[in-house]
Structure formats: C-alpha cells, structure tokens
Amino acid sequence: MKKQCIAMLLAGGRGTRLKKLTDHLAKPAVPFGGKYRIVDFTLSNCRNSGIDTVGVLTQYQPHVLQNYIGDGKEWDLNRRDGGLSILPPYQCDTEERWYEGTAHAIYQNTPFIEQYDPENVLIISGDHIYKMDYDLMLKQHIETGADATISVTEVPWEEASRFGIMNTEASSNRISEFEEKPEDPKSNLASMGVYIFKWKTLKAYLEKEENNQDSCKDFGKDIIPAMLHDNLKLHAYKFKGYWKDVGTIDSFWEANMDLLEKESNIFLKDKDWNVYTVEQSHPPVYLDDASTVKHSLVSEACEIYGTVENSVIFQDVTIGKGAVIKDSVLLPGAVIGENAVIERAVVASNVKIDAYSVIKSKTPYDAIALIGEDVVNDKKHHELSRVI
C-alpha cells in the first residue's frame, strides 16, 4: 500500500561518549527520566504524529533494544499494514556488510522502503529527548515543495560550534549553507537530526554516495552538502520546544536534572502529548521513617532509608541508612551502602556502592562522575574515598 510518509529510526549507534552506560546497551536503550528509555521519545512522537510505519535500524548491542521494542505494541505500531519493523544489517548477494554510516544504513534498506512506495521518508534518531509533531513538519515540507526539510532549533550562541549549523536566507527558511561544528558560526540554528526527504530524490543521492569511494555515507557529511551543491530546495523547520542531545555523561545528567524544574520538565508541558513506555508491574516505593526526600523524582520499587535531594532515582534502587544522595541520577537496580555520599554523579544500572564511600566532584564546575562497575570516569576531577 502506498504511503505518503514512512519513518526510518536510526538506533544502531554505540554512543561511546556515554562510556559505561553503553558498554552493553545501544544508546537508544539507555534508561532516562526515572521510568523511560531514550528511544521512547521518538517512538512516541511517531505514534502521536500519526506515523504508522516505522523501520528501526539496529546494529550495536541490539538485543536489549529489540526485546524492549518488540512488535511496537506500546506505541500502537503492532499493525499489519505498516507498523514497526526491526531492521538489522543483513548479508547482501556478494558480501556481509555492517551499516557504514547513517546514509548507508538507509540505502541498505531500500527494499523495505520501496514496498510502501512512499512520497516522503522521515529520518529520525533514537537518541534525543524531545516532543515533536512530525505531521506539522511534513505539512510544511509538502507546502514548500522542498526536496528536503531539516528540523532545526536555536541553541545558545556560545554552544553553536558544537552542532551542525544551518544558515538560512533572510527572507525565507530556505537553507543556503550547512556548516559542521563551525569555529565561527553565522547562525545558531542547530540541526536536530530530523529530516524529511522526497524519497525519489533521496534514493538517487543514496545510490550516488554508495558508488563514491571517498564518501563517509553520512547525511550531515555527504547527502545534505551534495544536495546544497546541486542547488536543490532545502528548507529549515524551526522547532520551538525542548530538545536535548544526551550524547555525553554531562548532557545526560543535565537532561535528567531538567525534569526537576517545572519550566524545563518535558512531561509537564503538552500533557496531551504522551510519552509511552513499556510498563512493568513494580511494588510501590518504600520510604523509611528516617528517610528524607526533597525535590526529586523517585520511581517504583525503591527502598529509601537515607537522604535524597535534587536527584532522579530509577526503579528498584536501594539507598541505605545514613546515605546522602544529592544532584545525582541513579539508574535501575543501583544499591547505595549505608552512610555513603554521592553528589553530582550518575550511577549505572545494578552498580553497588560500598558503605561509607564518598563520591563527588571537587568543584561544581568539574565533569559529572560516572560510577559503573566500580569505575569512575575522569578520576582526577572527583573524590573517591572510603571513610572507616
């Protein structure tokens, strides 16, 4: 059946900058916000936007992610006509090939796309935190007759050099130039990694890059610059809501901390725009009479005997008597021993912290500590001690 638009969700990245959090997980499967996983946001966006056909491209450590997503039931994507499909790399006629880049991953799945004969293809990543109506972006794409529409968001000027920046014509949203992490940016419109392409146009460029030995087979490095070089019609779609790339430990911590403030809590805004997840049956939280919890999010099945302040606590976490948790994110199954002190840190899933341990940044300006399998990243910036 012909579709106006289908989605291809890139979910195969390792996310090396998340260090221990992605040793055994693909980045989109990393827990977020007390009860969710990062991929929940893009899948929920698809459901809420009326996108009923989604291909999920997996590669690195795919098993947990694939088992979690299943048939897409939680996102109303378990359908016969379209629905959700897991798309791992596969053996070609002549050789077995891994996905070599974002564009190559889409090229490898040309047969999957072609069976729906779509007018347009939405390319999204499974590793960002945001609520977005893709249908509004698609309407602009169709109305402008663009060959490609790229979603952008304004970032602080001092941070613009960290992103791919789109420069647009003053009189319109037409993109005139793309700069990858420019030292001296001309614009603060950062690419969100959300693209809508006319499928026939995109297919031609994918085939061209596949035959280019020097190509990185990447949308940002190859496809978009090539389209601009050929003077195709590329437009920017300006997104005004909350958006966070959680690609580093610091940004992952910041995005979780944003949930503790009403102004930046993504769940308190657009309450009709639900974020769906795989629900599990957990017992209620237990708070001991000696416990104190202030300005925090605490998920189900937790046992808290100590003090929690300004923190996000995931399900099935145990915090011992006398322990103090401040400005931290504790992932599922973490166990904090009695009288331990954890400040400005991310504790990975199922990690056990010994009693009387002290883990915190030396100053508020140091990097966030990551505690995973008894390892603290960047130890020179953190205190790691045991008080006897």
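This is a predicted model: local features need pLDDT of at least 70, side-chain atom pairs count only at pLDDT 80 or more; totals for chains, interfaces and linings use all residues.
Let's start with aspartate 127, which is buried, with a relative accessible area of 18%. The cut-off for buried is under 20%, so aspartate 127 falls on the buried side at 18%.

What does aspartate 127 form a salt bridge with? The partner is lysine 27, and the closest N and O atoms are 3.4 Å apart. Lysine 27 sits in the loop between β1 and β2 (31-32), while aspartate 127 belongs to the loop between β6 (120-125) and β7 (128-130), so this pair ties together parts that are 100 residues apart in sequence. Lysine 27 is buried as well, at a relative accessible area of 7%.

Now for another pair, if you'd like to find it on the screen. Lysine 203 and glutamate 114 meet through their side chains in a salt bridge, at 2.5 Å from N to O. Here the link runs between helices: lysine 203 is in helix α6 (residues 199-210) and glutamate 114 in helix α4 (residues 110-114), 89 residues apart. Are these two buried or partly exposed? Lysine 203 counts as partly exposed, with 24% relative accessibility, and glutamate 114 is partly exposed too, with a relative accessible area of 32%.

Next, please look at the start of the chain. Lysine 3 forms a salt bridge with aspartate 81, and their closest N and O atoms are 3.5 Å apart. This pair links distant parts of the chain, with lysine 3 in the segment before β1 (5-10) and aspartate 81 in the loop between α2 (62-69) and β5 (83-87), 78 residues apart. Lysine 3 counts as buried, at 7% relative accessibility, whereas aspartate 81 is partly exposed at 33%.

Let's turn to the rings. A search of the whole structure finds 14 aromatic pairs. One of them is tyrosine 130 with phenylalanine 239, an edge-to-face pair at 6.4 Å centre to centre, with 85 degrees between the planes. Tyrosine 130 is in strand β7 and phenylalanine 239 in the loop between β12 (234-238) and β13 (243-245), so the pair ties together parts that are 109 residues apart in sequence. Tyrosine 130 counts as buried, at 0% relative accessibility, and phenylalanine 239 is buried at 10%.

Then there is tyrosine 195 with phenylalanine 197. Why is this pair called tilted? The ring centres are 5.8 Å apart and the planes are at 50 degrees, so the pair is tilted. Both partners are buried: tyrosine 195 has a relative accessible area of 10%, and phenylalanine 197 has 1%. If you want a group of rings to look at, ring pairs link Phe32, Tyr36, Phe41, Phe252 and Phe267 into a cluster.

Arginine 37 lies over the face of tyrosine 68, at 4.9 Å from the ring centre. Over the ring of tryptophan 253 sits the charged end of arginine 344, 5.0 Å from the centre.

Val285, Leu287 and Val293 make a nonpolar surface patch of about 210 Å². Of these, leucine 287 lies in strand β14 (residues 286-287) and is partly exposed, with a relative accessible area of 47%.

I'll finish with the backbone. Which residues have a positive phi although they are not glycines? Histidine 295 is one of them, at about 45 degrees, and tyrosine 356 is another, at about 70 degrees. Histidine 295 is found in the loop between β15 (292-294) and β16 (297-298), and at 42% relative accessibility it counts as partly exposed. Tyrosine 356 lies in the loop between β26 (352-353) and β27 (357-361), and tyrosine 356 is partly exposed too, with a relative accessible area of 40%.

Thanks, everyone!

How values were computed
Residues are numbered from 1 along each chain as its sequence is written. Side-chain values use heavy atoms; hydrogens and water are left out. Helices (H or I, at least four residues) and strands (E, at least two) are DSSP runs, numbered from the N terminus. Buried means under 20% relative accessible area, exposed over 50%, partly exposed in between (1.4 Å probe, protein chains only). Patches are made of residues with over 30% relative accessible area and no salt bridge: like charges are joined within 9 Å, nonpolar side chains (Val, Leu, Ile, Met, Phe, Trp, Tyr) within 5 Å. Accessible areas come from the Shrake-Rupley method with a 1.4 Å probe; for residues, only the protein chains shown count as cover. A salt bridge is a side-chain nitrogen of Lys or Arg within 4 Å of a carboxyl oxygen of Asp or Glu. Rings of Phe, Tyr and Trp (its six-membered ring) pair if their centres lie within 6.5 Å; planes under 30 degrees apart count as stacked, over 60 as edge-to-face and the rest as tilted. A charge sits over a ring if NZ of Lys or CZ of Arg is within 6 Å of the ring centre and within 35 degrees of the ring normal.
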